[in-house]
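Hi everyone, thanks for coming.

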Amino acid sequence: MYIRLKDTMIRAVEEAGAILRDYFSTRDFKITQKSMNADLVTEVDKKVQDIVIGILSGEFPDISIVAEEKENKKEATAFYVDPLDGTLNFAHGFPVFSVSIGYWENNEPKIGVVYNPISHEMYWAIDGEGAYLNNMKISVSSTSSLKNALLATGWPYNRDSISLVVEYVKNALNGAQEVRSLGSAALECCYVARGALDGYWEWGLCPWDLAAGVVILKEAGATVTGIEGDEFSLDRGDIVCANPHIHEELLSMLKSGDSR
Ligand code: IPD
Ligand code: CA
Ligand code: CA
């Protein structure tokens, strides 16, 4: 059953990815602002979402689908679809974005598929069976100290917490080697999973941003928690993930001088 689910999810992200690639090269699409001027949706997000939903529900009509550009009802077992993670990058012609589908069963992470259609990177994982990039097994880095760690984070659309965001970045810049921000939460999780990044944190995310990435992270050997070091929760939308050697150190470094 999981193999059939995974294969269908891969087919869906490949079809979606081909459409994203075409539009990305023409740059001819309508863009609309959502909650604020960095939170965008394009006509392509919706077109791609319809295609993904068509493929998933065609094969698995009884599994509910939670997707970014539609109304959703919370279910314990569901596909979580982000048809375009990194819409702002896509709209600017910055080639870092992905299609992300997670499958959670009884509120447990089971399958994750994340595809970058520009670099043709297909990340996938099934619970208990490891994580893969284009069918090569991947695992987290072996960096053992934060001062040699390359980290990433992202900026919540709700700018109310901006001073805390800046404080965490300042702490990270003081304690780690360097901090990036790539603009696709799903891909940032995958980069930690493959060991290209040593750690990543962010808050203010939605279930479709993380549902796939978390499976890939766990299967690649990452430690994944919430921002307080507590158990990761899909509904809360905050994450700290890293290779197991530095996760603890990362958590306490981020919070050093925490003014909350
Ligand atoms: C966004 C990206 C970004 C993160 C935002 C997300 P979207 O997703 O993952 O990296 O910082 O919070 O909303 O809107 O491009 O699907
Ligand atoms: Ca997203
Ligand atoms: Ca999106």
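Let's start with Lys74, which is partly exposed at 48% relative accessibility. Keep in mind that this is a predicted model. Which residue does Lys74 form a salt bridge with? The partner is Asp235, and the closest N and O atoms are 3.8 Å apart. This pair links distant parts of the chain: Lys74 sits in the loop between S3 and S4, while Asp235 is in the loop between strand S13 (223-225) and strand S14 (239-242), 161 residues apart. Is Asp235 buried or exposed? Asp235 is exposed, because its relative accessible area is 51% and the cut-off for exposed is over 50%.

Now stay with the loop between strand S3 (64-67) and strand S4 (78-85), where you will also find Glu69. Glu69 forms a salt bridge with Lys34, and here the closest N and O atoms are 3.1 Å apart. Lys34 lies in the loop between strand S1 (31-33) and strand S2 (40-42), so this pair ties together parts that are 35 residues apart in sequence. Glu69 is buried, with a relative accessible area of 18%, whereas Lys34 is partly exposed at 31%.

On to another pair. Lys110 forms a salt bridge with Asp127, with 3.1 Å between the closest N and O atoms. Lys110 is in strand S6 (residues 108-116), and Asp127 is in the loop between strand S7 (121-126) and strand S8 (131-133), 17 residues apart. Lys110 counts as buried at 15% relative accessibility, while Asp127 is partly exposed at 36%. There is also a network: salt bridges with shared partners join Arg4, Arg11 and Glu59. How many salt bridges does a search of the whole structure find? The search finds 12.

Next, the sheet. Strands of a sheet pair through backbone hydrogen bonds, either parallel or antiparallel. In our model, 7 strands form an open sheet with mixed pairing, in the order S3-S4-S5-S6-S7-S8-S9. Which strands are at the edges? They are S3 and strand S9 (136-138), each pairing on one side only. From one strand to the next, the twist averages 20°. S8 and S9 run antiparallel and are joined by 3 bridges, and Tyr132 stands opposite Lys137 in S9.

Finally, two helices. Helix H1 (residues 2-26) lies across S4, strand S5 (98-105), S6 and S7, at about 30° to S6. Helix H6 (residues 207-219) lies across S3, S4, S5, S6, S7, S8 and S9, running at about 100° to S6.

Definitions and conventions:
Residues numbered from 1 in each chain as written. Chains lettered and ligands numbered in written order. Predicted model: local features only at pLDDT ≥ 70, side-chain atom pairs only at ≥ 80, totals over all residues. Heavy atoms only, no water. Salt bridge = Lys/Arg side-chain N within 4 Å of Asp/Glu carboxyl O. Helix = DSSP H or I, 4+ residues; strand = E, 2+ residues; numbered from the N terminus. Buried < 20%, exposed > 50% of the residue type's maximum accessible area, 1.4 Å probe, protein only. Pairing = 2+ DSSP bridges. Axes fitted to C-alpha atoms, helices over the stretch in contact; angles between N-to-C directions. Contact = heavy atoms within 4.5 Å.
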